[in-house]
Amino acid sequence: MIYLDYSATTPISFDVLDSYDKASKEFIGNPNSLHGLGVKSKELISSATKQISELLGTTENEIIYTSGATESNNLALIGACIAHRKRGNHIIVSKLEHPSIYKICDYLGSLGFEVSYVQNDRDGLVDFEDLKSKIRPETILVSICAINSELGIREPLKMIRQIIKKENPNTLFHSDMTQALGKIPVNVRDVDMASFSLHKVYGPKGIGLLYKSNLVRISPLIQGSSKEGVLRPGTPPVPLIAAAAKAIRLGIQDLDRKETFIRKLNERIVSELEPVEGIIINSTKYSIPHILNISLKNIKPETFIHAMEEYEIYLGTNTACASGDVSSTIMAVYEDENRASSTIRISLSYLTTTEEINRFLNCFHIVYKRLNSLVTE
Ligand code: PMP
């Protein structure tokens, strides 16, 4: 099997699985219980949270555990809008966000909040002047992803933060950093809130994080029997939290070395596919090498993906969450509907081998030729 859909999800690392296994077996108490077993579980959570906060450069009470980035995005955007609705009714997002952000925006729209979509240039970079002009006194929040999930475009969060805070110091800045963690160094201090999902960094599925600066106030989305001020009540998933700490620690190691290797694989694929008639490489100067997006002029992406599956090669379409749709990201960058409805995402990992890429390319050519001959017949 050749897995090339690492941006959709990653296989759990066995080291991480060990932490999960150990915590499940040895820490059976509910961390909210007063007895010794509860205290032991609570201590494990404290030590995992301490480790995570050190790795991300935050304080411990700035980490909120969620079920994944979708929930973190919901908590950040809806939680901020509810908490600050007396101050304003306006939020701004980019046109390169994950579909979960747009769904949240639609929901906020139905509650009476106004959403503006900031323009980007032809390389996918957020248009600073447009952003500036859209920020108003009543703008509660701006949300811009660190790395776009389809084209891998990296946004300059520090500069964006400066623009936002200069225009309106009260406007909060959230970033969906789901595709950034484990691929590039992340600095959560560039933003007020950041979303993460652990299954993107060789961690377990079902756990995410929201970093929320202590200076920021948001409302909880879930009500439950917890202490005052807890933003995500309920019994904390002790083994998932222990595994999260391990996944982050391993995930952010050796990023430069991993990136150099992945860049070579990316360049090899591009150099071989770029000259092929009917293939367009969707990549800009801001794309990170881990995510390589291409459009096939004459072949439906789902047809191609299933044909590759016959060789046990697994690729992605737009995003795992919206397979087959017109890609709003490709539309925002290239303004070309054909290109946007025929995308394939090849996502690479430091676990990918040169041999896998050789076999992938061989099979790619065979499948491409076969499917193309069916189109022209
Ligand atoms: N944001 C981005 C940028 C993503 O790539 C994803 C996963 N496709 C999500 C949010 C949603 O993450 P999860 O499925 O863990 O909720």
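Is Glu-129 buried or exposed? Glu-129 is exposed, with a relative accessibility of 53%. In this predicted model, Glu-129 pairs with Lys-132 in a salt bridge, and their closest N and O atoms lie 3.7 Å apart. Both residues belong to helix H5 (residues 128–134). They are three residues apart, so about one helical turn separates them. Lys-132 is partly exposed, at 32% relative accessible area.

The salt bridges number 18. One of them links Glu-71 to Arg-232, with 2.7 Å between the closest N and O atoms. Glu-71 sits in helix H3 (residues 69–83). Arg-232 sits in the loop between strand S8 (208–212) and helix H7 (238–251). The pair therefore ties together parts that are 161 residues apart in sequence. Glu-71 is buried, at 17% relative accessibility, whereas Arg-232 is partly exposed, at 27%.

Asp-192 forms a salt bridge with Arg-161. Here the closest N and O atoms are 3.5 Å apart. Asp-192 is located in the loop between strand S6 (172–176) and strand S7 (193–197), and Arg-161 in helix H6 (residues 157–167), so this contact ties together parts 31 residues apart in sequence. Asp-192 is buried, with a relative accessibility of 7%. Arg-161 is partly exposed, with a relative accessible area of 24%.

Key:
Residues numbered from 1 in each chain as written. Predicted model: local features only at pLDDT ≥ 70, side-chain atom pairs only at ≥ 80, totals over all residues. Heavy atoms only, no water. Salt bridge = Lys/Arg side-chain N within 4 Å of Asp/Glu carboxyl O. Helix = DSSP H or I, 4+ residues; strand = E, 2+ residues; numbered from the N terminus. Buried < 20%, exposed > 50% of the residue type's maximum accessible area, 1.4 Å probe, protein only.
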